[in-house]
Amino acid sequence: MIRGFRKIRCVIQRGGTSKGVYFHEKDLPKDQEVRERVILGVFGSPDVRQIDGLGGADPLTSKCAIIGPSERPDADVNYTMAQVSITDPIIDFRGNCGNISSGVGPFAIDEGLVEVREPETVVRIYNTNTKKILKAYVATQEGKSKYPGDFAIDGVPGTGSKILLDYSATAGAVTGKLLPTGRAIDRISVPSIGEIEISIVDAANPACFIKPEVLGLSGTEGPYDEKVVHSLDRIELIRGTVGALLGFVDDPKKARTESPTHPMIAIVTDPIRYRSFTDGSTIEKDEVDFVSRYFFMQQMHKTYPGTGTVCSGTAAMIDGTLVNLVCSPKAMERGTVRIGHPSGIISIEVEVSKTTEGFQLKKAAFARTSRRIMEGFVYVPESLFDKE
């Protein structure tokens with residue numbers, strides 16, 4: 001032991017295009033206040049560089065997964081996702097992260113939390129944030145996750161073993177409804193912007209879809225484009241207004257601190273040719289069904305969130321949404337939606353049916369890769385455990 005510190009076992013794992021610190025539930029303090037303080041200490045938050053912790057000073061690497069055995073008959077493990085703020089002493093437990101979810105199955109397998117079957121193990125995951133079940137189909141070999149493979153995802157160098165994530169049971173994840181307002185398109189009034197059209201869909205996580213013209217954008221900009229940077233405050237105004245509409249906050253101005261992750265905002269536009277933000281390659285118009293830019297934690301996502309893929313793909317299949325109106329009709333025929341994001345393309349298999357009770361999500365499956373990067377102990381100041 002090192003005087004003044006307590007060590008906690010953890011794993012750093014890449015899940016899709018995100019990276020997180022994965023913990024066993026039993027290794028963290030039970031008291032929620034102490035637990036949150038300890039997690040902030042692990043990541044080195046708040047600090048824009050997170051220099052005194054494991055955070056990578058980016059929303060995509062400031063994520064935490066807490067995993068333990070489940071007592072539910074329909075799940076193998078419980079999984080709690082924590083989005084750790086970089087600039088404020090805030091941890092958001094409201095929603096899930098699809099990319100981090102792709103690391104949960106491999107973690108559960110490698111840590112002996114589930115029975116392994118070869119060549120593939122299906123891990124049933126209960127996400128405590130959204131109270132929904134998802135399934136991960138993980139390749140296995142010699143009792144462990146098989147990480148090497150030839151499957152590539154845009155936004156991650158190299159290749160890995162394909163992990164299929166089934167999110168078909170995540171409709172109404174946060175609001176309880178696939179269409180929270182009951183409408184495919186709503187019109188809202190936003191201070192300093194005026195009246196705009198939006199579509200709100202809740203599948204895996206709730207998102208609000210808008211047209212790029214609302215912000216004077218083309219919809220193909222990258223995360224650091226000057227026009228995007230200058231639009232962030234207006235995007236937050238829209239997000240806060242929708243957050244108040246959905247009851248996440250009582251004042252739109254409080255959304256940044258009281259509900260920093262939900263709802264998310266996505267810009268959607270017709271298929272169009274553009275260049276990848278990460279490697280400069282060209283994404284052709286006929287390679288995608290629509291183009292989108294997702295905004296997460298007051299920044300543009302450098303790739304595309306897994307839960308955002310579920311929500312966007314679902315929205316594309318619901319008649320009359322802004323996503324549906326810009327999506328290629330061929331996607332409906334294929335049952336597969338190809339989304340053009342800043343770093344490339346992500347595809348999802350989606351099926352939505354219309355019943356007398358409304359739209360029903362029947363299928364939502366997309367593929368990711370994952371890699372175990374490090375396992376060991378993180379040292380946390382003993383003072384953070386004072387109330388334990």
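Over the ring of which residue does the charged end of lysine 7 sit? In this predicted model, the charged end of lysine 7 is placed over the ring of phenylalanine 377, at 4.4 Å from the ring centre. The points below take up the charges over rings, the aromatic pairs and the nonpolar cores.

**Charges over rings**
- Besides the placement of lysine 7 over phenylalanine 377, the charged end of arginine 293 sits over the ring of tyrosine 274, and here the distance to the ring centre is 4.7 Å.

**Aromatic pairs**
- Four aromatic pairs are found when the whole structure is searched, and one of them joins tyrosine 167 to phenylalanine 366 in a tilted arrangement, with 5.6 Å from centre to centre and 35° between the planes.
- Because tyrosine 167 belongs to the loop between strand E9 (163-166) and strand E10 (186-190), while phenylalanine 366 belongs to strand E20 (residues 358-368), the pair ties together parts that are 199 residues apart in sequence.
- Tyrosine 167 counts as buried, at 1% relative accessibility, and phenylalanine 366 is likewise buried, with a relative accessible area of 1%.

**Nonpolar cores**
- The largest nonpolar core comprises 59 residues, within which Phe209, Phe290 and Val337 are those with the most contacts.
- Leaving aside residues up to four places away in sequence, phenylalanine 209 touches a set of residues that includes Ile198, Val201, Ala266, Val268, Tyr294, Cys311, Leu322 and Val323, and among its other contacts are Glu197, Ser199 and Ser312.

Key:
Residues numbered from 1 in each chain as written. Predicted model: local features only at pLDDT ≥ 70, side-chain atom pairs only at ≥ 80, totals over all residues. Heavy atoms only, no water. Phe/Tyr/Trp six-rings, centres within 6.5 Å; stacked < 30°, edge-to-face > 60°. Helix = DSSP H or I, 4+ residues; strand = E, 2+ residues; numbered from the N terminus. Buried < 20%, exposed > 50% of the residue type's maximum accessible area, 1.4 Å probe, protein only. Lys NZ or Arg CZ within 6 Å of the ring centre and 35° of its normal. Core = buried A, V, L, I, M, F, W, Y, C linked by side-chain atoms within 4.5 Å. Contact = heavy atoms within 4.5 Å.
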